[in-house]
Protein chains: 2
Amino acid sequence: MSIFELIHEDAGSAARRGRLNLTHGSVETPAFMPVATHGSIKGLTPPQIRETGAQMILSNAYHLWLRPGCDVVETAGGLHRFMGWDGPILTDSGGYQIFSLAALARVTDDGVTFRSHIDGSAHALTPEDVIRAQERLGPDVAMILDECPPGDADRATVTAATERTAQWARRAAAARRRGDQAVFGIIQGGTHLDLRLESVRTIVDIGFDGYALGGLSVGEPRPDTWRVASATAPHLPRNQPRYFMGAGTPRDIIELVGGGIDLFDCVLPTRLARNGTLFTSQGSVVIRHAAHVADPRPLDPECGCYTCTHFSRAYLRHLVMAREPLAVTLNTLHNVTYYQNLMARIREAITNDRFADLASTVTTTSLGEEGASCPA
Amino acid sequence: MSIFELIHEDAGSAARRGRLNLTHGSVETPAFMPVATHGSIKGLTPPQIRETGAQMILSNAYHLWLRPGCDVVETAGGLHRFMGWDGPILTDSGGYQIFSLAALARVTDDGVTFRSHIDGSAHALTPEDVIRAQERLGPDVAMILDECPPGDADRATVTAATERTAQWARRAAAARRRGDQAVFGIIQGGTHLDLRLESVRTIVDIGFDGYALGGLSVGEPRPDTWRVASATAPHLPRNQPRYFMGAGTPRDIIELVGGGIDLFDCVLPTRLARNGTLFTSQGSVVIRHAAHVADPRPLDPECGCYTCTHFSRAYLRHLVMAREPLAVTLNTLHNVTYYQNLMARIREAITNDRFADLASTVTTTSLGEEGASCPA
């Protein structure tokens, strides 16, 4: 039985309204998962995460595996109990992080060896290890180990990574033991549409609970990202969820929802919040700017979040300038709420067959381009 | 009319139960004010501050005067509205900070000149300026400018500082304009009891809404701190509040309450929280210690705070090790709650004439000695 209910398809685009039914609850899609890399959304308690409207969060198996270790999380009763979040969680397998963060990452057909970015210790992970680790961590959705080549890799490298990802996917599928955990396969193929479609055939043939597009949003031009994703998504099973890994800006999300994607994650709203760059209905606000020094207005008068309903731009600027930890909390609360409000508007627009109208109001901003790549 | 109601005097000590009636509400005493130096308790939203049981907080006029500036806070409608805290606030005048943080502080009879610890800019403050600044910031209680000599100053230096503080106190009293703001005088005199009593006579003669002991907890041996405070407090007006500036450890608070002090502030619980040193009913816990790596127990099983009722020691340790901002929030929430619970127990013990029994259960810990000095 599919974990995904397809509720409505937009009349004017490939956008879909759906629902993910997971062990820890349901998620209305399209949905955006804020990122709790180490098992915490930076600066937010679980009730504050909930307050943003977030239904599901993403954590990272690679990071948790290194610290505090799967044994610690398992002993605590799993990631949900460890971090006090009782809603759905997806863990990224860490393939992308191993290739981008770890030192001396080396791939063999068996798996990957690397040195920890924290303490330099040597590690080896196979596709089976990665499934096993996530079964111990206990997220609602686990991701398979994939090989994620850089955005500027040549075709031969991408081809090899795509084939290896397929081999690993077979082993991952065979290694599954937990019946209460969904596992998503990952489609590779870079920006080569023929490789993408070949990857779709192979990975879907193995059979997973959902499918992710990996190896995009890794430095390639944004129009390529959108084009490849939108050309690939329709070839994925209609009654299963489609997840684009590591996107993105509001504009990315609009483009990708329009291409048929259901699920997103990105560090952008949380990371920009910590830098004091804030999304608003009137465009992005760099709260450090001197213009805000005595501004009594709320950050975004159209936002109903705790930050916007209780504090002025002047206070938010002061907290950032004085390096007060509360700045992280208030700014993150706002940016994540902004994303969740965007997703709610997207879902409503699809329901009413008016997605194109909404899409036309979300324009590309300089913010969007800077923040295009979304490493976790 | 006094802002202080004396509710009960302990039968076996000089400890007092009282109530401060201030513009933004009442405060049951003895009370501890957590420190919001820059207009924010580090990592806590106002509802979270309230959740700790804190009734009143302390902020620092010196810091706010430098950044964001009194004009910004005044434009925002005062410090309460600026920071979103609707309970009582006391602002320290910054005398202590000018002498300890600022560069090139120079005292003349007129006031003090110094360079900002933030940007090196030159500033001058008179006793009148300091009253005016706090009238613009708008706390419930303002402190006068005092000269605070270091703990190892010789008698001549202390004598001069005490006399100058008295002259400044006269000018501060004359400069008051706001009827809705209490102002506390500050008693100096170092550890010289005769100078302290002379200071009490002079400052009380000028007349303030409450009296603070300044220039203690600045490096002198703790027994001297307690002895001098306990010998001085009984000479202060019985029907007015007594505030010990910058203390302290739980043991300090017990000793000083027993000596007749009503009001306290200290950065200790918030600062130690950020370092991961946590107060519990079973002694202090350094949460970084490897012993806690997989410990499923709450930090303090006897504590009802959000942190202790929702998270394990293993998770708190993980947050600290991973430098997650949530560590600041959860640890601060706990340590401030610990202090507020201590104050609640103190108030109850006094009401029941059993303060000595309570005092005997709060022992000196190594934590207490390390953290003895309490700079804001």
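Start by colouring the two chains differently, and keep in mind that this is a predicted model. Look at where the chains meet: 100% of the interface residues of chain B are also interface residues in chain A, so the copies meet through the same surface. In numbers, 32 residues of chain B are in contact with 32 residues of chain A.

Now select the helices on chain B's side of that meeting place. Helix H3 (70-75), helix H4 (79-83), helix H13 (313-321) and helix H14 (325-351) of chain B each supply at least two residues to the side that touches chain A. Which of them gives the most? That would be H13(B), with five residues.

Next, zoom out and see how the copies are related. Turn chain B by 180°, with a shift of 0.0 Å along the axis, and it can be laid on chain A with an RMSD of 0.0 Å. That is the relation of a two-fold axis. To find the axis from chain B, click on Pro325(B): its C-alpha is the one in that chain nearest the axis, 3.6 Å away.

Back to H13(B). Is this helix mostly covered or mostly uncovered? Mostly covered: eight of its nine residues are buried. Select them and have a look: Arg313(B), Ala314(B), Tyr315(B), Leu316(B), Arg317(B), His318(B), Leu319(B) and Val320(B). What do they pack against? Show helix H3 (70-75) and helix H4 (79-83) of chain A, together with H14 of chain B, and you have the partners of those buried residues.

For the last stop, move over to chain A and select helix H8 (residues 193-206) and helix H9 (residues 222-232). These two pack at an angle of about 40°, with their axes 10 Å apart. An angle and a distance between the axes are how two packed helices are described. The crossing of H8(A) past H9(A) is right-handed. Show the side chains at the contact: Leu193(A), Arg196(A), Leu197(A) and Val200(A) come from H8(A), while Val228(A), Ala231(A) and Thr232(A) come from H9(A). Sorted by class, that contact has five nonpolar residues, one polar and one charged.

How values were computed
Residues are numbered from 1 along each chain as its sequence is written. Chains are lettered from A and ligands numbered from 1 in the order in which they are written. This is a predicted model: local features need pLDDT of at least 70, side-chain atom pairs count only at pLDDT 80 or more; totals for chains, interfaces and linings use all residues. Two residues are in contact if their C-beta atoms, placed from the backbone, lie within 7 Å. Helices (H or I, at least four residues) and strands (E, at least two) are DSSP runs, numbered from the N terminus. Copies are superposed by least squares on the C-alpha atoms of residues with pLDDT of at least 70 in both. Axes are lines fitted to C-alpha atoms, for helices over the stretch in contact, and angles run from 0 to 180 degrees between N-to-C directions. A crossing is left-handed if the near helix is turned anticlockwise from the far one by less than a right angle, and right-handed if clockwise. Ala, Val, Leu, Ile, Met, Phe, Trp, Tyr, Cys and Pro count as nonpolar, Asp, Glu, Lys and Arg as charged, and the others, Gly among them, as polar. A residue is buried if 20 or more other C-beta atoms lie within 10 Å of its own, exposed if 12 or fewer, and partly exposed in between; C-beta atoms are placed from the backbone.
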